Amino acid sequence: MNNRHFLYFIITILVVLLGILSRKIDAIPLFFGDILYAGMVYFGCRFLFIDSDNFRKIIIPLLLCYGIELQQLYSAEWIIEIRNTTLGHYVLGQGFLLSDLVCYTFGIALAFAIDILFLKCSNLKLEI
């Protein structure tokens, strides 16, 4: 694993931990966790697809988040049982909300901006 893969792996884990923490603190609005969830998906995709172009950096995590949100409209007993577990709840969610799609879009845009700004900063450090 090269340095960039390791960096995206660590960022993904940190965002997961922040997301879980955000659900445990009542003062943090629920939508903040949805934004972090999208950031986690973004950085996880960056880990898997390290050299993708900007279009794929955005569209793949966006489609994953939208797909996971849309699957919440499906209500077969077996998937409801999975959603009722802690991990299933974190990964698959509980119910479809249109506002979640907005949060996912914002979260991926924010993660992309952080990614671009961080890469610019790291390139500057390498040149000095």
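## Reading the features

Modeller: Start with Asp-53, which counts as partly exposed at 37% relative accessibility. Buried means under 20% relative accessible area, exposed means over 50%, and partly exposed lies in between (1.4 Å probe, protein chains only). This is a predicted model: local features need pLDDT of at least 70, side-chain atom pairs count only at pLDDT 80 or more, and totals for chains, interfaces and linings use all residues. Residues are numbered from 1 along each chain as its sequence is written, and side-chain values use heavy atoms, with hydrogens and water left out.

Biologist: How many helices and strands are in the protein chain?

Modeller: The protein chain has six helices and zero strands. Read from the N terminus, the order is α-α-α-α-α-α. The C-alpha atoms fill a box of roughly 55 × 30 × 25 Å along the principal axes. Of the 128 residues, 34% are buried.

Biologist: What share of the contacts comes from residues 24 or more positions apart?

Modeller: A contact is a pair with heavy atoms within 4.5 Å. Take the contacts with a separation of 6 or more: residues 24 or more positions apart account for 66% of them. Ile-58 gives a local view. This residue is found in helix 3 (residues 54-70) and is partly exposed, at 30% relative accessible area. Beyond its neighbours within four places in sequence, Ile-58 is in contact with Ile-108 and Phe-112.

Biologist: Now the charges. How many salt bridges does the structure hold?

Modeller: The general idea first. Side chains of opposite charge can pair when their charged atoms come close. The cut-off here is a side-chain nitrogen of Lys or Arg within 4 Å of a carboxyl oxygen of Asp or Glu. The structure holds four such salt bridges. One of them joins Asp-53 and Arg-56, at 2.7 Å from N to O. Arg-56 is partly exposed, with a relative accessible area of 46%.

Biologist: With which residue does Asp-51 form a salt bridge?

Modeller: The partner is Arg-4, with the closest N and O atoms 3.3 Å apart. Asp-51 sits in the loop between helix 2 (30-48) and helix 3, and Arg-4 in helix 1 (residues 3-24), so the pair ties together parts 47 residues apart in sequence. Asp-51 is exposed, at 63%. Arg-4 is partly exposed, at 37%.

Biologist: Is Asp-115, in its salt bridge with Arg-46, buried or exposed?

Modeller: Asp-115 is buried, at 1% relative accessibility. Arg-46 is buried too, at 2%. Their side chains meet at 2.8 Å, N to O. Asp-115 lies in helix 6 (residues 98-127) and Arg-46 in helix 2, so this pair ties together parts 69 residues apart.

Biologist: Which side chain of opposite charge is nearest to Glu-69?

Modeller: The nearest one is Arg-23, 8.6 Å away. Glu-69 is buried yet has no salt bridge. Its place is in helix 3.

Biologist: How many aromatic pairs does the structure hold?

Modeller: Rings of Phe, Tyr and Trp (its six-membered ring) pair if their centres lie within 6.5 Å; planes under 30 degrees apart are stacked, over 60 edge-to-face, and the rest tilted. The structure holds six aromatic pairs. Among them is the stacked pair of Tyr-8 and Phe-43, 6.2 Å centre to centre with 25° between the planes. Tyr-8 is in helix 1 and Phe-43 in helix 2, 35 residues apart. Both Tyr-8 and Phe-43 are buried. Tyr-37 and Tyr-104 form a tilted pair, at 5.7 Å and 40°. Tyr-37 lies in helix 2 and Tyr-104 in helix 6, so this pair ties together parts 67 residues apart in sequence. Tyr-37 is buried at 14%, and Tyr-104 is buried at 4%.

Biologist: Which residues form one aromatic cluster?

Modeller: Tyr-8, Tyr-42, Phe-43 and Phe-112 do.

Key
Helices (H or I, at least four residues) and strands (E, at least two) are DSSP runs, numbered from the N terminus. Lys and Arg count as positive and Asp and Glu as negative; His and the chain ends are not counted.
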